Amino acid sequence: MLQTAALRREYGSTVAVKDIDIEIETGEFASIVGPSGCGKTTLLRMLAGHLEPTSGGIVLDGEDITATRPQDRPTSLVFQTWALFPHMTVRENIEFPIETAGRNLDRSVEELLELVRLDPEEHADKSASELSGGQKQRVALARSLAYDPDILLLDEPLASLDYALQKQLQRELADLNRELDMTFIYVTHSLEAALVMSDTLFVLDEGQVAQTGAPEDIYQSPKSTFIADFMGDANVFAVDAEPTGDGAFTVTSDEFEGEVTVEDDHDGREPTDLVVRYDDCVVRPTLETPVGVAVDVDNILVRGNTVLIECSADTEDDYVAEVPFDWFQTVDIEIGDRAYFQWEAEKSIPVPE
Amino acid sequence: MSTKHRLKSHFDRAAGYTRDSSNPLFALVRPPWLFMAPIVALLLFMFVGPMLAIVVFSLQSGNTIDPNPLHWTLAHYAEIVTGMATGTGVYGQVLGNTALVSAATVLATLVVSYPAAYALARKIKRYKVVFLLLLIIPLFTSVNVRVFGWALFLVENGVLHSIFNLVGIGQYPSLLYNRYTVLFGTTYVYLPFMLFPIYLSLLTIDDVTFEAARDLGAGPLTIFRKIVFPLSMPGVVIGSLFVFVLSLGADVEAQILGGGSVFTMASNINYSFGYSQNWPLGSAQAVGLLLITIVAGVVILRSLDLREIASRGESR
C-alpha cells in the first residue's frame, strides 16, 4: 500500500500541493485527476522522487521512502513526452533498466514488446527516433515495465496521441494493470480516461484532494459544485434548503419552479446547489414534471444519436439538455421557441458549498 | 515528360512564356543561385585560384612559373614525402612536431573543456552568460597579441621570472622555446573551439532524459557512461576536428613560443616562403598540409551519424 502523510510542496509563496493524505492499495488502478494547475503533476513527481516535498512523507508498504533517490525507488514513471533515449534502439531502451537496475520483470525484450502489443521482429532494432508517437508510448511503457516497479506512475502519456489510439491504449493499460498485478497511478486532466480505467479516483483542486472514491460514486454524488462541474455536463442551480427534520431537505430556488426533496448525503450540511446532468434533462413546450424553468431555446446541436438543446432562462443562466435523437423527433421544439426546461425531481443531485 | 508537364509547357507557350527550362543559362539566374553567387565568386577568387597557383608552383624548379609542363618536377614532393615517411631530416621532425602538437592539443583541450562544458550546460544557472562571455572574449583579441603576451610572461627576466625571484626561486629551466610551451599555447588558443561544440551538444539533452534514466535505476556514473557521453559525442568529434585542423596550421604559437626551435608544418611553410625564398618547396608543403587536413576531416566527419543528430529534436 502506498500512503502519503500531509505531503506538501511549495514553490516560493505558492503551494502546489497542500498537505495531501492519500492511500492506494497494491494492485489498484488509481487516477489523479483535476484541472491544469491543481497540483497533480507535482504530486506524481514527488511520488517518483524527482521532486522533494517541502514537508510530509511517502510510505510504501510500511517503509518511509520520502528521502529515497529515484534510482533506488521501486517506482517507474512513464513520462508525458516518453523520454526515450534518442541514441538507442528500441531494444537498448528496454534493456537499459535491466542492465543498470539489477531488478527486472524477468521477461525478454521480445516478451515485453508483445506485452505492449508491438511486433518485436519489426520494431526491436529500430532507432527510437524512427517510431511514431503511439509506438514511442508503447516502448516507454515496456521500458518502465522492464524495471518491474511496484508502482507504475503515468503522467498523461496518452495526451498527445489521436483519439482512437487513446481509447485503445486506455483499454490496454487497464488490461495490463490486471495482468501484472502492479499498482498503476495515472495522472490526467481527461476525466474520460480516468473513468474508463480506474478503480479509484482522486479529484484534486488547488492542491487538495476534493473527493476520493470509485469513479461511479463520485459521478453519482459529487461533494461540491466544483466536482460536479469537473465530472462534466452538469446544470447547476443555486438553491435554498430547509431541513424536513427527518434527515432530508426541502429545496427551493429562484431559478426554477417547484420544489425538490433530497436526502442528506453530506452529514447534515445544507445543500447550496442542485446539480442536474445534461442527459437527465429534457425540453418540452409545456411543463410536465414537478420541476422546471421557462427558457428560450437558443441552439440545437445534433450529436449523432443524441441532441444537445441549449437554452437560456430569464435570469440569463444557460442550461443544456441532452436528449436521445429519437425522442427529439417526437417533440415540437425549434430554435427561438419559448419552452420549459425540466427534469424528474429525483434526478437532482444536492451539493453543499 | 509526364502529362502534367506536357500540359504545363503547353500552357506556358500559350501564355507567351519564353523561359525554357532546358536552357542552363536560365537556371543560373534563378534566385537560389543568384543568392549563392557572391560567396561562390569570392571563394573562386580567394581560394580556388590561389590553390591552383600553389599546386602549379609546387611543381616548378625555381621561383618562376615555367610555361612548359614538360619541365615541371615532382622533386619537392619526393623530398618531403621521403623525409616524412622515414621520419628523418627536417620533414620527419616537422611531421613529428605537428602530429604531436595537434594530437596533444586535442587531448588537452578535451580534458580541460569537457567538465566546464558539462557544468555550463547542466549545472550552472546563475552567471552562466558571464562565464560564456569570459570564454568568448579572448577570441576577440588577435592570436598574436595573446601569444606575445604569454611570451612576455614566460621569457627570461619576464613577469614570471620576477615573481619567482620574489618568492626566492631564482633558477629554473627556460619555459619558452620548447614543444610543451607550444602545446600550452595551442591548447589555450583553441580551447573555445572544443568547448562550445561540446557545450551545445550537451544542451540538446533534455532534462527529462536524465530523469528517465534515474527513474530506471541509473546512478550518476551510469548516466554519464550510457547517456551523457554518447549524446555529447557529436560535439566531441566536431570539437576535435576543429582543434586538430587548427593545430595543424598552428604557426604563430610555434614561431613565438617555439622561438625557431620547434618547427611545425605551418611554420616551416612560412620559413620556406619567407626566409629561404624557396616558393616551390613551400607550395609543395602547403599542398601536403592541405591533403593531410582534408583526409583527417573526412575520416573524423565520417564517424558522425548526422541523421541521428538532426532527428534528436524530434524524439520527443
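Predicted model: local features only at pLDDT ≥ 70, side-chain atom pairs only at ≥ 80, totals over all residues.
Residues are numbered from 1 along each chain as its sequence is written, chains are lettered from A in the order in which they are written, and side-chain values use heavy atoms, with hydrogens and water left out.

At the interface, 25 residues of chain A are in contact with 23 residues of chain B (heavy atoms within 4.5 Å). The two chains bury about 2,100 Å² between them, 61% of it on carbon and sulfur atoms; buried area is the accessible area (1.4 Å probe) lost on putting two parts together, summed over both. Two salt bridges are found across the interface (a side-chain nitrogen of Lys or Arg within 4 Å of a carboxyl oxygen of Asp or Glu). A:E99 forms a salt bridge with B:K226, with the closest N and O atoms 2.6 Å apart. On the side of chain A that touches chain B, at least two residues each come from α1 (40-48), β7 (75-78), α2 (90-101) and α5 (133-146); helices (H or I, at least four residues) and strands (E, at least two) are DSSP runs, numbered from the N terminus. The most, five residues, come from α2(A).

Elsewhere in the description of chain A, three strands form an open antiparallel sheet in the order β13-β14-β15, where pairing requires at least two DSSP bridges between two strands. Strand β14 (residues 248-252) of chain A pairs with β15(A) over four bridges in the antiparallel sense, and A:T250 has A:T261 in β15(A) as its bridge partner.
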